[in-house]
Amino acid sequence: MTKAIIFGGTTEGRELAMYAASKKIPTLLSVVSEYGKKVAGEREDLLVRCGTLDEEGIFRLLKKEQPLLVLDATHPYAMAASEQIREACQRAEIRCLRVLRKEEEAKEEEEEPKPQIVRVHSAQEAAEILEKDSKPVLLTTGSKELAVFVEVLSVKERIFARVLPDSQVLARCEKLGLSGRQLIAMQGPFSEEMNVAMLRAVGAKWLVTKESGSQGGFLEKLRAAEICGVQTVVIQRPGKEQGILMERAREELQLLAKDGEDISEKRCRTEVRQQVFLIGAGMGCGNQLTMEAREALQQCEIVLGAPRLLADVERWVKGKPRKMIYLGEEIRDWLEKHPKFSRIAVIYSGDTGFYSGCSSLLNALMGKGGIAKANVSVRIFPGISTLSCLCSRLGRSWEEIYPASIHGRDCDVEKLLEAHQSVFLLMGGKENLKSLCRRLERSGWGDIWVSAGIRLGYPEEIIFIEKVRELCEQETDSLVAVILDHPDTFQEKLKMRELVKTRAEF
């Protein structure tokens, strides 16, 4: 069985593949072209496959090989490929880490003499800038976007393209009308001297490059352009990515080996200790996650939870598999069947200690038939409770409020109102605000004040305060929390009503 799959014929991809092979970790390196396969080579414990794969193709490969780890070491500009790899890994429930290229050059450039640089966000923008004059252009952006420059630039003979010495690449270039001395087919990265020689050889007055980092010889290109007095167009990276650097990627591969030996399936199933993080997400959108909860999400390899919560924390777990399960016994069974995941996060709404599914999962893990304590450790990260959040919105404390829930459970609200001056209710399921108020009105509690929070934490959050009898026809979203106050208790808080309205309008 393949222990690791590495996507990318980049320098990073090849280096990681060679490292894994040196540790005798059965690894598959996936590259796009035959040339990439030839450059990578094959050796013991390393299989190299070539050819483009869409998401479905990647998924089939993952299901066939069943790796413990996937490393996405594709080019920094291959955003579509990274997205397909990430989505396929999520579907296959296989851990995926994005390998980033260092961006140290930004600081180095500050200390270097700079050529005349124009920074753009796409090849299209670069081509539009070049079209403003008729000077020769050396393109060092590869072959994939050549068509953009050929279509936009008015004089095709201006283009000199540096591409990989691959027969398929050269065929594509010729199809675009580029051949002969307009093509420089060489494998980079190139030294400063080589870049200078090429710029002078073709008489280039423009250099087009991507912000490819030290592995792509970015600084050497800029220095050469400075020496030759050439204007430079830099296509910037397509946004900030989340991922790991090469050193961490090597460490992750090292975890797949023990004393130079590949790990066995038995060890994976019996010796690897699973860490389960139970995380309270607070209210909606994931904005109320604590700092330690965010760190736990960054450390985890997969996230489990209800669909809404997985969507709420999506920005914190990009690139990680997500599984839509949240019932305690289902999660326990899933953990037993997936020992290859050593750090698992389970996300819950609100606080893990306030009517949370966290307790049912703990019972499932440690109760009769649960996973042995020797194989699993649990850490709980509390969140901000709905009660605390609603009280903060209302500007009041909650030490004298009795907390309860009618979210999927029976609750004698009338009895609670007889015993307490203020009652908090977490709502949901069959009982909505309208049905609750109708029920209380029929029971003679029409004068009770209701402070309601709708979709707390989301941009469309609403806070309002009314009497029970005024809300008997009120339609609301299912994500509702309320505080019920007796009229005499609420008299001192009546001024708050206008304050809340003003706050909502603001």
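A search of the whole structure finds zero disulfides, a disulfide being counted where two cysteine sulfur atoms lie within 2.5 Å. In general terms, a disulfide is a covalent bond between the sulfur atoms of two cysteines. Cys-96 is in no disulfide, and the nearest cysteine sulfur, which belongs to Cys-89, is 4.0 Å away. With a relative accessible area of 7%, Cys-96 is buried, a term applied to residues under 20% relative accessible area, whereas exposed stands for over 50% and partly exposed for values in between (1.4 Å probe, protein chains only).

The model is a predicted one, in which local features need pLDDT of at least 70 and side-chain atom pairs count only at pLDDT 80 or more, while totals for chains, interfaces and linings use all residues. Residues are numbered from 1 along each chain as its sequence is written, and side-chain values use heavy atoms, with hydrogens and water left out.

The protein chain has 21 helices and 23 strands, both taken from DSSP runs and numbered from the N terminus (helices are H or I of at least four residues, strands E of at least two). Of its 506 residues, 51% count as buried. The chain exposes about 24300 Å², of which carbon and sulfur atoms supply 49%, as computed by the Shrake-Rupley method with a 1.4 Å probe, where for residues only the protein chains shown count as cover.

Five strands form an open sheet in the order β3-β2-β1-β4-β5, with parallel pairing, where two strands pair if DSSP finds at least two bridges between them. The edge strands, β3 (46-50) and β5 (96-98), each pair on one side only. From one strand to the next, the twist averages 20°. Within this sheet, four bridges join β1 (residues 4-7) to the parallel strand β2 (residues 27-31), and Ala-4 stands opposite Thr-27 in β2. Helix α3 (residues 55-65) lies across β1, β2, β3 and β4 (69-72), running at about 155° to β1; such angles run from 0 to 180 degrees between N-to-C directions, with axes fitted as lines to C-alpha atoms, for helices over the stretch in contact.

Gly-305 lies in the loop between β15 (302-304) and α14 (307-312), and counts as buried because its relative accessibility is 0%. Leaving aside neighbours within four places in sequence, Gly-305 is in contact (heavy atoms within 4.5 Å) with Leu-310, Lys-323, Met-324, Ile-325, Tyr-326 and Ile-347. The C-alpha atoms of Gly-305 and Lys-323, which are 18 residues apart along the chain, are separated by 6.7 Å.
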